[in-house]
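Biologist: I would like to learn how to read a protein model, one feature at a time. Could you take me through this one slowly?

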Amino acid sequence: MGENYPMGIGTNWSRHHEYRASVLHRPDTVDELQHLVAAAPNIRALGSRHSFNDIADAAQLVTLEALEPAIEIDAESETVSFSAGVRYGELGRALQRGGWALRNLASLPHISVAGAIATGTHGSGDRNGTLSRAVAGLEFVTATGELLSVSPVDDDFDGSVVSLGALGILSRVTLDIEPTFEVRQDVYNGLHWTDLLERFDSITSRGYSVSVFTTWVGDTVGAVWLKSRLDSSKPPQSLYGAAPAAVDQHPIAGVAAESTTAQAGVPGPWLDRLPHFRLEFTPSNGEELQSEYLVPRRHAVDAIRAIRALGDRIAPLLHVSELRTMAADSLWLSGAYETDAVGIHFTWHFAPAEVLPLLPVIEEALAPFDARPHWGKLFHSVRRDLYPRLPDFVELATRLDPQGKFRNEYLERHVF
Ligand SMILES: Cc1cc2nc3c(=O)[nH]c(=O)nc-3n(C[C@H](O)[C@H](O)[C@H](O)COP(=O)(O)OP(=O)(O)OC[C@H]3O[C@@H](n4cnc5c(N)ncnc54)[C@H](O)[C@@H]3O)c2cc1C
């Protein structure tokens with residue numbers, strides 16, 4: 001059952017965090033998982049290791065990779081249920097085979113669904129919520145080892161989805177699905193900063209999912225990636241003077257586009273266009289760090305201006321930044337809790353000694369705009385006053401886990 005790792009269990013995807021856990025359990029069944037959790041004094045789930053901080057760590061860790069995926073589609077309720085170790089790529093293939101789709105995806109299909117929804121992971125789109133918003137039901141193993149099911153009709157549901165792993169180990173997840181759809185991706189280069197800032201709403205509403213890539217310096221923004229559903233909208237010939245690229249390109253200027261999903265208007269199924277990166281390309285680790293702040297939509301342009309004013313300090317440490325939008329939700333710890341939001345994301349060079357001291361500077365610049373950090377990326381501090389339901393979350397976690405079996409240093413620092 002349990003496996004010992006005298007050399008350590010390794011690092012997260014970015015190799016910035018070395019897990020301190022002494023053991024990584026790999027149960028084959030939910031029953032085994034229940035026994036493990038009941039017996040362990042301090043244990044947490046490890047997803048696909050894509051978070052950039054110590055959020056997952058604990059004295060003991062458990063991976064659900066060995067559980068049967070058990071992907072079950074319910075056409076009547078338009079939902080899919082599956083084991084919590086499943087990653088988006090695998091789930092997407094199974095859904096597509098059956099003629100179904102998820103509403104949205106993040107940039108990478110290699111991430112586990114349970115880990116993504118625990119941190120409020122998101123893609124883009126004015127009318128698309130975070131990936132957590134697709135959750136239609138959860139089953140998790142509580143501190144006593146018992147199974148608990150939560151659905152949207154339960155009072156605690158909105159506190160249980162973006163859970164930061166503090167309530168228990170998810171064993172099964174149910175997501176809303178819809179009939180499959182096709183998407184085309186068009187990339188526009190040469191948009192001027194003045195146009196982005198003056199027409200921000202118009203630009204982000206031009207596609208089903210829109211990403212703006214920039215390095216903050218210069219007169220032009222960088223690239224705008226427009227993902228359009230074939231069943232609903234057509235991309236424009238030009239985007240305020242920015243021209244569509246004829247060949248595929250990587251979000252980072254100068255990097256070969258072999259890992260990216262097809263662009264230049266070539267239609268394809270949702271799972272091969274909504275992520276920026278292809279499932280077949282397996283980035284097991286990356287020479288990068290990431291940070292992101294979610295700002296209420298009403299502050300988007302002012303917040304972007306504030307970051308642009310720091311452009312000369314940011315650019316030397318940056319691969320690229322990405323601006324994405326998302327619709328409001330009611331999930332207590334979500335970055336989009338009760339507000340449409342804009343994500344201001346930074347893909348940094350792997351230079352922690354320079355990047356980490358810059359984060360408080362960025363957070364100070366964003367302070368007037370009520371920025372909430374992405375829970376799974378690098379940040380300096382969390383403003384607790386921006387989460388009105390945080391006391392309810394602490395009460396829920398304490399009720400389900402009075403001994404603190406699922407707590408860790410990260411949670412003590414930022415939540416409890
Ligand atoms: C290359 C790259 C691209 C990314 N792109 C995006 C993006 O487009 N949008 C975005 O928002 N984020 C993005 N992220 C961030 C990433 O989505 C989040 O950090 C996410 O939480 C990682 O999920 P994971 O499965 O790797 O979980 P881990 O990092 O392993 O764990 C994250 C949290 O989930 C908990 N968890 C995992 N499994 C379970 C379970 N079964 N039960 C209870 N808790 C569980 C862990 O305990 C931990 O608290 C990206 C990260 C990388 C490295």
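Biologist: Which residue in E14 is the bridge partner of aspartate 186?

Modeller: Leucine 226 is the bridge partner of aspartate 186 in E14. Before we go on, please keep in mind that this is a predicted model, in which local features need pLDDT of at least 70, side-chain atom pairs count only at pLDDT 80 or more, and totals for chains, interfaces and linings use all residues. Residues are numbered from 1 along each chain as its sequence is written.

Biologist: What joins strand E12 to E14, and in which direction do they run?

Modeller: Two strands pair if DSSP finds at least two bridges between them, and strands themselves are DSSP runs (E, at least two residues), just as helices are (H or I, at least four), all numbered from the N terminus. Here 7 bridges join E12 to strand E14 (residues 222-229), and the two run antiparallel. E12 is also joined by 2 bridges to strand E16 (residues 268-269), again antiparallel, with valine 183 opposite glycine 268. A further 2 bridges join E12 to strand E15 (residues 243-244), where tyrosine 188 stands opposite proline 244.

Biologist: How many residues of E12 are buried?

Modeller: We call a residue buried if 20 or more other C-beta atoms, placed from the backbone, lie within 10 Å of its own. In strand E12 (residues 182-189), 6 of the 8 residues are buried, so the strand is largely enclosed by the rest of the structure. Across the protein, buried residues make up 49% of the 416 residues.

Biologist: In what order do the strands of the open sheet lie?

Modeller: The general idea to carry with you is that in a regular strand the side chains alternate between the two faces of the sheet. In this model 5 strands form an open sheet in the order E5-E6-E10-E8-E9, with antiparallel pairing. Strand E5 (72-74) and strand E9 (147-150) stand at the edges with a single partner strand each, so one side of each is left without a neighbour in the sheet. Within the sheet, strand E8 (residues 135-141) and E10 pair over 6 bridges in the antiparallel sense, and glutamate 139 stands opposite arginine 172 in E10.

Biologist: Which helix gives the most residues to the shell around the ligand?

Modeller: Helix H3 gives the most, with 5 residues. A residue is near a molecule if its C-beta atom, placed from the backbone, lies within 6 Å of it. Of the 32 residues around the ligand, those that come nearest are Gly47, Ser51, Gly115, Gly165 and Gly376.

Terms used. A residue is buried if 20 or more other C-beta atoms lie within 10 Å of its own, exposed if 12 or fewer, and partly exposed in between; C-beta atoms are placed from the backbone.
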